[in-house]
Amino acid sequence: MAPTLQQAYRRRWWMACTAVLENLFFSAVLLGWGSLLIMLKNEGFYSSWCQAKNTTNTTQSVQFRWPSCDDQEEMLNVGFTIGSFVLSATTLPLGILMDRFGPRPTRLTGSASFAASCTLMALASRDTKVLSPLIFLALSLNGFGGICLTFSSLTLPNMFGNLRSTIMALMIGSYASSAITFPGIKLIYDAGVSFMVIMFTWSGLACLIFLNCALNWPSEPFPAPEEGSYTKKIKLTGLALDHKVTGDRFYTHVTIVGQRLSQRSPSMEGEDISSQDAPGSSENPREKSVPFRKSLCSPIFLWSLLTMGITQLRVIFYMAAMNKMLEFLVTGGQEHETTDLKQRADKTVEFYSSIFGAMQLLCLLTCPLIGYIMDWRIKDCVDTPAEGRALGDARDGVAIKSARPRYLKIQKLTNAINAFTLTNILLVAFGITCLIHNLHLQFATFVLHTVIRGFYHSACGGLYAAVFPSNHFGTLTGLQSLISALFALLQQLLFMAMVKPLKGDPFWVNLGLLLFSLLGFLLPSYLFYYRAQLRRQYATATDCESPLKALGGSEVTA
């Protein structure tokens, strides 16, 4: 029996704490691929492909060691490509389904898929010669279950009012940090616990998520604090403001409400004042009139697709090829490989994979940081030139009239420019460190990779919220994630080119990706141009009788 929204509201702290833990250990765990790959190779997945080529790795000691080869790693990397594609590409249909049915069915389906994924991996490890193909289905279910758990938790912060941004940062940070899970599991595996026991135990824990969701998550979607249904269904008060309005914002609020009441048409007199006049609670009528096609074809969205696709390809390719890159730094290439050098490379790869996994916890710090950049000076802004004039009029006789007001949309654009510029600079620095043939420098590469992962999704979401109508946000975000996932499929071709024609040397692939990543600066450059246009429009609107008309639709036509 699903709880009501009022019951869920009383349990919101329990739901938030468990959701952070569930995201950390069950969401995007597939991004810790380097450690999982080592365990799969040790368990003998697709080792039958290597018997004719690589029998030197099989020892006669007590501990049996499966043979390994490039063909095996290439085949397993196909599984990672499929799983990571599902992890990103299903956000669009999930968003549509969750908007209609709420987060509860999505979370139940995700936990069941994750449990099935772990069960399949455990069963396949019993006889890898026959059951190795099951790894593709298992990794697909792993990615699907993980994104279901992540996506369903992103609406939970609506239950926390003024703490919504903080809880959201924790949700995104725990999702991004979940790549630490497989490195942690590998430590348990190296301690002697069998792969099958680990996977069955993990599957059982995923069933606890199913039970927790069934008992505590409501069947209705979580309303946002600015929606009228929030106070009606949760707070049960007829007229309420969920935030404090003081000082200059109070004067602005009172003046704008008075203007709206005086300009109301008779057909609007019966509407609820609390849902229409509270700041942030009403939906802009212009947003309803903007067709989705206009947002879809806007230059900002198209440039963001290019930037996010490049970044996603760069991040996913490094995760897939990291072990091979580290191995090349030790051996110097396949032609120089000896048995002793190969064993040394294996130990080095395992050590650096563990370090890379531990560094994923940095995402818990970087996600709030990029959120701070995106929220910089937002509280000091006014929404429109009309509010700027109202603020100045309200303050006349009380204090000296302020200088040129800071407009909300322009400030959000400025913050997005800063966020994307910083992210692209870090991406270029990451590409440079990948080119340098130095093993110890890879620690810096790990840090840059982790910071970029924590930055680019949050920056894109903040940009879409700033320039597009709110009723287009979910669909545009899902579509962007789908196209980025399609873009990231190219990493399999790059991996095959690195392993076969280039004989394991990643230099030329990394150089091409570095040059390609420079295109990411086109988005902040266009945003800079668009912000200048918007400033001129605001300046013109200040002198017009109808400023809102002068600004109508500018966010998607620039």
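A nonpolar core is a set of buried Ala, Val, Leu, Ile, Met, Phe, Trp, Tyr and Cys residues joined through side-chain atoms within 4.5 Å. Here, buried means under 20% relative accessible area, exposed means over 50%, and partly exposed is in between, with a 1.4 Å probe and protein chains only. In this predicted model, local features need pLDDT of at least 70 and side-chain atom pairs count only at pLDDT 80 or more, while totals for chains, interfaces and linings use all residues. Residues are numbered from 1 along each chain as its sequence is written, and side-chain values use heavy atoms, with hydrogens and water left out.

**The chain as a whole**

Let's begin with the overall picture. The protein chain has 28 helices and zero strands; these are DSSP runs numbered from the N terminus, with helices (H or I) of at least four residues and strands (E) of at least two. Of its 558 residues, 52% count as buried. A contact means heavy atoms within 4.5 Å. Among contacts between residues at least 6 apart in sequence, 82% join residues at least 24 apart.

**The cores**

The largest nonpolar core has 106 residues, and those touching the most other members are Trp-33, Met-199, Trp-202 and Leu-463. Helix H17 (residues 299-331) gives this core its largest share, 16 residues. A second, separate core has 15 residues, including Ala-19, Leu-156, Met-159 and Phe-160. Beyond its neighbours within four places in sequence, Met-199 is in contact with Cys-118, Met-121, Ala-122 and Phe-182.

**Some residues to look up**

Gln-491 sits in helix H24 (residues 490-499). Not counting residues up to four places away in sequence, Gln-491 touches Asn-77, Phe-80, Thr-81, Leu-313, Ile-316, Phe-317 and Ala-320. The side chains of Gln-491 and Thr-81 are joined by a polar contact of 2.4 Å. A polar contact is a pair of N or O atoms within 3.5 Å; within protein, one must be able to donate a hydrogen and the other to accept it, and residues adjacent in sequence count only if both atoms are side-chain atoms. The C-alpha atoms of Gln-491 and Tyr-318 are 8.8 Å apart, although 173 residues separate the two along the chain.

Ser-174 belongs to helix H9 (residues 164-177). Its contacts, leaving aside neighbours within four places in sequence, are Val-20, Asn-23, Leu-24, Ser-27 and Leu-364.

Tyr-46 is in the loop between H3 and helix H4 (70-89), and has a positive phi of about 60° although it is not a glycine. Lys-503, in the loop between H24 and helix H25 (507-517), also has a positive phi without being a glycine, near 55°.

Here is how these residues are classed:

| Residue | Relative accessibility | Class |
|---|---|---|
| Gln-491 | 0% | buried |
| Ser-174 | 1% | buried |
| Tyr-46 | 7% | buried |
| Lys-503 | 48% | partly exposed |
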